[in-house]
Amino acid sequence: MRIAMAGLLLAMMTLPTMAKVKTAKFNVNGRCARCGQRIEAAAKGVQGVQTAQWDEVSKEMTVTFDSKQTSKKDIQRAIVAIGFTAGNMKPEAGKEKKHDPGCKGGEDCKE
Ligand SMILES: [Cu+2]
């Protein structure tokens, strides 16, 4: 019983430190809040991502993630997959700018 308790306590102490949470920042070329929702949803869809926030004015994306489960590159790849440029990663020609149909963020946001 005592050993089990000690084991449980040790597990409780080491578990949170096993996840290596990292923060990454990079720009994403969204235009409006609707783009932002899609960008954030794409990032959050990546396993290991804890928070994702995109700033409409600065275009800066801030993500926190467990570096044992994913990476900045993986997250950028997920954003590129929905048609946005993430950091230095760009969608293939013809696959860019697939923005939300209701997006009113400007020329680049037209469907
Ligand atoms: Cu938009």
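## Overview

Helices are DSSP runs of H or I with at least four residues, strands are E runs of at least two, and both are numbered from the N terminus. By that rule, Ile79 is found in helix H3. The model described here is predicted.

The chain has three helices and three strands. From the N terminus on, the order of elements is α-β-α-β-β-α. The chain holds 111 residues, and 23% of them count as buried. Take the contacts between residues at least 6 apart in sequence: 57% of these join residues at least 24 apart.

## The sheet

The three strands form an open sheet in the order S1-S3-S2, with antiparallel pairing. S1 and S2 are the edge strands, and each pairs on one side only. From one strand to the next, the twist averages 15 degrees.

How many bridges join S1 to S3? There are seven, and the two strands run antiparallel. In this pairing, Val21 has Asp66 of S3 as its bridge partner. Strand S2 covers residues 49-54 and strand S3 covers residues 60-66; they pair in the antiparallel sense over five bridges. In S3, Val63 stands opposite Ala52.

## The hairpin and Lys59

Five residues lie between the strands in the hairpin of S2 and S3. Lys59 sits in this loop between S2 and S3. What is the phi of Lys59? The angle is near 65 degrees, a positive value in a residue other than glycine.

Lys59 has 17 C-beta neighbours inside 10 Å, so Lys59 counts as partly exposed. The cut-offs explain the label, because a residue needs 20 or more such neighbours to be buried and 12 or fewer to be exposed.

## Glu60

Glu60 is partly exposed, because 13 other C-beta atoms lie within 10 Å.

Which residues does Glu60 touch, not counting those up to four places away in sequence? They are Lys25, Asn27 and Asp55. Asn29 is 31 residues from Glu60 in sequence. In space, the two are 8.7 Å apart, C-alpha to C-alpha.

## Helix against helix

Two packed helices are described by the angle between their axes and the distance between the axes. Helix H2 spans residues 33-44 and helix H3 spans residues 72-80. Their axes come within 8 Å and cross at roughly 135 degrees. That angle is why H2 is oblique to H3. The crossing of H2 past H3 is right-handed.

Which residues meet where H2 and H3 touch? H2 brings Ile39, Ala42 and Ala43, while H3 brings Ile75, Ala78 and Ile79. By class, this contact of H2 with H3 has six nonpolar residues, no polar residues and no charged residues.

## The buried side of H3

The buried residues of H3 are Ile75, Gln76, Ala78, Ile79 and Val80. What covers them? The cover includes strand S1 (21-27), H2, S2 and S3.

Ile79 is one of these buried residues. Ile79 counts as buried because 30 other C-beta atoms lie within 10 Å, and the cut-off is 20 or more. Leaving aside neighbours within four places in sequence, Ile79 is in contact with Val28, Ile39, Ala42, Ala43, Phe84 and Ala86. Ala43 is 36 residues from Ile79 along the chain, and their C-alpha atoms are separated by 6.4 Å.

How values were computed: Residues numbered from 1 in each chain as written. Predicted model: local features only at pLDDT ≥ 70, side-chain atom pairs only at ≥ 80, totals over all residues. Axes fitted to C-alpha atoms, helices over the stretch in contact; angles between N-to-C directions. Parallel < 35°, antiparallel > 145°, perpendicular 65-115°, else oblique. Left-handed = near helix turned anticlockwise from the far one by under 90°. Contact = placed C-beta atoms within 7 Å. Nonpolar A, V, L, I, M, F, W, Y, C, P; charged D, E, K, R; others polar. Pairing = 2+ DSSP bridges.
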